[in-house]
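Here is a short briefing to read alongside the model. Please keep the 3D view open as you go.

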Amino acid sequence: MAKSKGSQNIIIIKKGGEGHAAHHGGSWKVAYADFVTAMMAFFLLMWLIAALKPQQKESLSIVFKDVKKDATQVTKQVVMATFIPKDAKVGVAEMNLSEKDQLKYQVALLVKELLAKDQDLQNNSGISSDNAGVLMQVNNSVMFAPNSAVLKPEAAKMLEGVTNIMLSQKVNLVIRGHTDDTENGSGLYPSKWELSAARAAACLRFILAKGNGAIAATRMRAAGYADSRPLVPIFDDASRSANRRVEFYYHSPETETW
């Protein structure tokens with residue numbers, strides 16, 4: 001049918017209703033995503049903190065302390081084990097432990113007993129445990145002078161205790177020497193690496209000699225780590241003193257470790 005000349009086309013435009021989505025747009029999605037990300041980061045942080053060992057928490061806490069105020073406390077950051085009951089006795093087996101864990105438990109008791117015999121040693125030492133073994137840390141103030149790998153006379157009693165543990169328990173031992181960031185060996189050693197290794201070797205030689213052939217050399221290792229594994233952050237002489245240490249790591253013969 002032909003359109004009349006005077007007719008016009010009518011165009012109707014429909015606008016959508018102004019609902020909730022049109023008013024807010026997608027901004028709520030961004031805010032919600034930020035919230036979820038923040039909560040995930042928070043719970044991940046809580047999980048990591050819960051997984052830390054007590055000694056690691058103590059070391060980490062130094063970063064957030066007032067440097068000048070807490071500098072004198074650095075040497076106390078090596079702490080005693082919290083996993084050993086106060087009434088535990090050497091030779092008395094702990095129930096519900098596997099044979100491997102029983103061995104670690106008895107070694108830990110012997111180490112704790114050794115440290116308890118000397119107040120100075122106890123104040124400058126610590127004990128911790130992991131899945132493979134038991135770690136005893138001894139500050140160099142008990143064993144060596146700065147820049148030296150010559151054992152102090154007072155170190156003999158402690159090393160005799162280490163020897164007795166090796167004689168009484170079927171464990172291997174890794175001895176790790178550590179220096180601070182400034183030690184140079186007084187010209188006797190080319191670097192901190194040789195100095196830290198010499199300290200570990202001096203302890204090993206003493207233990208083998210004291211064992212009088214009863215401890216096979218294959219049960220022991222000595223390693224030097226220089227200043228590559230600091231125990232605490234370095235900011236003064238007290239923290240450097242804390243990092244100068246020797247570690248005695250008792251572990252089962254089936255575990256290979258350095």
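This is a predicted model: local features need pLDDT of at least 70, side-chain atom pairs count only at pLDDT 80 or more; totals for chains, interfaces and linings use all residues.

The structure holds eight salt bridges, and the cavity count comes to four of 30 Å³ or more.

**Around Glu247**
- Glu247 is buried, at 5% relative accessibility, and its side chain meets that of Arg176 in a salt bridge (3.5 Å, N to O).
- Because Arg176 lies in strand E3 (residues 172-178) and Glu247 in strand E5, this pair ties together parts that are 71 residues apart in sequence.
- Arg176 is buried too, with a relative accessible area of 10%.
- A network of salt bridges links Arg176, Arg245 and Glu247.
- Glu247 also has a polar contact of 2.9 Å with the side chain of Gln137, a residue of strand E2 that is buried at 4% relative accessible area.

**Other salt bridges**
- Asp180 and Arg244 meet through their side chains at 2.6 Å, N to O; Asp180 sits in the loop between E3 and helix H9 (192-211) and Arg244 in the loop between helix H10 (237-243) and E5, so the pair ties together parts 64 residues apart in sequence.
- Both Asp180 and Arg244 are buried.
- Asp237 pairs with Arg240 in a salt bridge of 4.0 Å, N to O; they are three residues apart in helix H10, so about one helical turn separates them.
- Asp237 is exposed, at 63% relative accessibility.

**The second largest cavity**
- Its volume is about 50 Å³.
- Helix H5 (99-116) gives the most to the lining of the second largest cavity, with four residues.
- The lining of this cavity has six nonpolar, three polar and two charged residues, including Lys100, Val134 and His251.

Note on methods
Residues are numbered from 1 along each chain as its sequence is written. Side-chain values use heavy atoms; hydrogens and water are left out. On a 1 Å grid over the protein atoms alone, a cavity is a set of points where a 1.4 Å probe fits but cannot get out, and a pocket is an open set with protein on both sides within 12 Å along at least five of seven lines; lining residues have an atom within 4 Å of a point. Grid points are joined across faces, edges and corners, and a volume is the space filled by probe spheres set on the points. Helices (H or I, at least four residues) and strands (E, at least two) are DSSP runs, numbered from the N terminus. Ala, Val, Leu, Ile, Met, Phe, Trp, Tyr, Cys and Pro count as nonpolar, Asp, Glu, Lys and Arg as charged, and the others, Gly among them, as polar. Buried means under 20% relative accessible area, exposed over 50%, partly exposed in between (1.4 Å probe, protein chains only). A polar contact is a pair of N or O atoms within 3.5 Å; within protein, one must be able to donate a hydrogen and the other to accept it, and residues adjacent in sequence count only if both atoms are side-chain atoms.
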